[in-house]
Amino acid sequence: MGDVGFGYHGGPELLSNMTLSLQPGLFHFLTGPSGSGKTTLLRLCYADLLPTSGQMTAFGDDVRRLTRDGIADLRRRVGVVHQDTQFLDHLPVAENVALPLTVSGQSVDMEALRDLLGWVGLSQHARALPPSLSGGERQRAALARAVILSPDLILADEPTGNLDWDMSVRLMQLLIELNKSGKTVLVATHDLTLIRAVKAQVAARVLRIANGTLQLAGADL
Amino acid sequence: MKRTELRTLSLRSLWHGLMRDGAAGDRIVPPTGFTAQLTLFSAGAMAFLAVFALALSLATGRLADRWASELAGSVTVRVSAPGDEQAALAQTTLRILETTPGAGQPRLLPPDEVAGLLAPWFGPDMPVDALPVPALIDLPVTGRDFDAQGLRLRLEAEAPGAVLDDHTEWRRPLVSAANRLRLLGVISLVLIAAASASMITLAAKAALAANGQVIRVLRLIGARDITIATAFVRRFTKRAALGAAVGTLCGMAGIAMLPPMDAAGGFLTGLGFQGWGWLVPLLIPVTAAVVGFLATRWAALKMLGAVR
């Protein structure tokens with residue numbers, strides 16, 4: 001994104017002069033106080049919002065010029081773990097995790113699906129309905145769904161916001177594994193302790209939103 | 001991966017769930033009990049009514065054609081003369097009619113047949129012989145060169161007292177009425193189709209509105225509009241077709257249970273299907289499916305436009 005600005009409903013800009021290029025294969029953190037615009041920035045990344053100024057490209061395409069089908073295609077290349085982990089509550093966890101395959105018309109490799117559920121530790125919950133899952137299980141299911149299409153970029157919006165420390169670490173370990181397998185990861189969080197814990201294991205770039213602008217965090221992290 | 005973990009997944013149910021009807025997309029839409037029943041009932045009721053409107057339209061069409069052809073196929077000559085002159089005048093008239101171009105063999109109605117025609121008005125015991133009843137001659141029209149007006153003038157000149165009645169006076173309003181009834185039947189069918197489309201659209205919009213969050217989730221994970229719309233469209237099209245099929249069969253059963261046409265001879269007993277006509281109502285479920293498809297697709301695409 002180059003010099004991107006955004007304001008809701010034509011109001012004052014929440015984000016302004018944002019210039020950012022995610023480095024392929026790198027682990028990124030996006031931090032900042034609550035209400036600083038972390039979620040907004042992530043939503044811009046998967047075209048849920050469009051910038052009100054500046055230029056934004058995703059995989060070489062101008063996001064503002066994407067058709068609705070183009071937006072759908074973009075979202076297949078970007079796996080998102082939403083803050084409020086949205087599922088289809090009438091479908092079992094396994095079908096929810098496989099949804100990106102289903103809606104993109106791809107066949108479900110059952111072996112791969114079982115492996116994926118096992119990787120996030122949800123094999124025992126494959127047939128459970130989402131409302132019966134705990135917060136941590138929902139986050140891991142959301143992560144499994146986000147990566148099932150093997151996306152180029154993984155975005156996670158406060159994925160540990162409602163989790164205890166152990167579960168947070170477990171979830172971050174999964175993201176680290178994905179990063180080590182070559183995926184670009186961007187995690188929005190205000191938990192500096194968690195950032196430090198991850199940085200101890202993997203090279204990570206920390207970006208901070210302050211006063212509506214984006215800065216590269218330095219040695220304080 | 002351990003085998004114990006594999007057993008927790010029912011492969012068959014999951015696979016069937018994802019690939020049902022060759023389109024796993026069906027399951028992405030949650031079950032919608034109320035709108036499903038509403039759509040089924042509406043489609044069934046409308047199809048039931050459509051069968052009767054169709055039957056009315058076809059029956060009145062047949063009636064109009066039959067009246068037109070039967071009445072145009074023959075004329076009647078009424079011969080009136082005092083007492084013993086009537087028989088001679090009838091014979092003269094017969095000779096004239098036998099030489100009339102475009103006319104078949106004239107037939108003088110025997111007295112008992114004439115009495116039979118009058119029986120509905122005077123009762124069976126009335127001594128018709130005592131009445132000054134005119135002789136009636138039935139003349140079939142066999143050719144296009146039959147000239148009613150020319151015959152009328154000839155009878156006036158050569159057989160005064162013989163009057164040609166080609167039924168035109170009362171045939172026209174009858175045929176016109178039948179044609180208007182047929183038009184009303186067609187209009188009813190169009191209105192039923194429009195009402196069905198409206199109800200299905202409302203039901204589809206209600207279902208889509210209730211599933212706004214589902215649609216948003218699907219969009220966020222990369223579903224194209226057509227994928228989401230197809231899931232709703234397929235569901236409502238099936239319901240419309242199924243409901244209409246049941247309604248059509250019930251309607252056809254109702255028509256089949258009407259008394260046979262020759263039992264009472266009235267118009268209402270002719271309200272049915274004949275021969276290939278029984279196949280026509282089978283188009284109603286197909287039409288309902290098309291209406292359901294188009295109505296839901298329109299509603300779905302409009303709804304999706306509001307979700308990024």
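Where is the place of Asn211(A) in chain A? Asn211(A) is found in the loop that joins strand S10 (204–210) to strand S11 (213–216) of chain A. The model is predicted, with local features requiring pLDDT of at least 70 and side-chain atom pairs counted only at pLDDT 80 or more, whereas totals for chains, interfaces and linings use all residues. Residues are numbered from 1 along each chain as its sequence is written, while chains are lettered from A and ligands numbered from 1 in the order in which they are written. Helices (H or I, at least four residues) and strands (E, at least two) are DSSP runs, numbered from the N terminus.

Although not a glycine, Asn211(A) has a positive phi of about 55°. Asn17(A) belongs to strand S2 (residues 15–18) of chain A and is partly exposed, having 14 C-beta neighbours inside 10 Å.

Ser36(A) occupies the loop between strand S3 (27–31) and helix H1 (38–45) of chain A. This residue counts as buried, with 21 C-beta neighbours inside 10 Å. Apart from neighbours within four places in sequence, Ser36(A) is in contact (C-beta atoms, placed from the backbone, within 7 Å) with Ile209(A) and Ala210(A). The C-alpha atoms of Ser36(A) and Leu15(A) lie 8.3 Å apart, at a sequence separation of 21 residues.

In chain B, helix H7 (residues 168–210) packs against helix H11 (residues 283–304) at an angle of about 40°, with the axes 8 Å apart. Axes are lines fitted to C-alpha atoms, for helices over the stretch in contact, and angles run from 0 to 180 degrees between N-to-C directions. H7(B) and H11(B) are therefore oblique to each other, the term for angles that are not under 35 degrees (roughly parallel), over 145 (roughly antiparallel) or 65 to 115 (roughly perpendicular). Residues of the contact include Ala193(B) and Leu208(B) of H7(B), and Thr287(B) and Met303(B) of H11(B).

According to the unreviewed UniProt entry, the annotation "transmembrane region" covers residues 38–59, 181–208, 214–233, 240–258 and 278–300 of chain B; such annotations may be inferred rather than shown by experiment. Residues 38–59 of chain B are 100% helix and 0% strand, with end C-alpha atoms 31 Å apart. For residues 240–258 of chain B, the corresponding separation is 27 Å, and the span is 89% helix and 0% strand.

Notes:
Two residues are in contact if their C-beta atoms, placed from the backbone, lie within 7 Å. A residue is buried if 20 or more other C-beta atoms lie within 10 Å of its own, exposed if 12 or fewer, and partly exposed in between; C-beta atoms are placed from the backbone.
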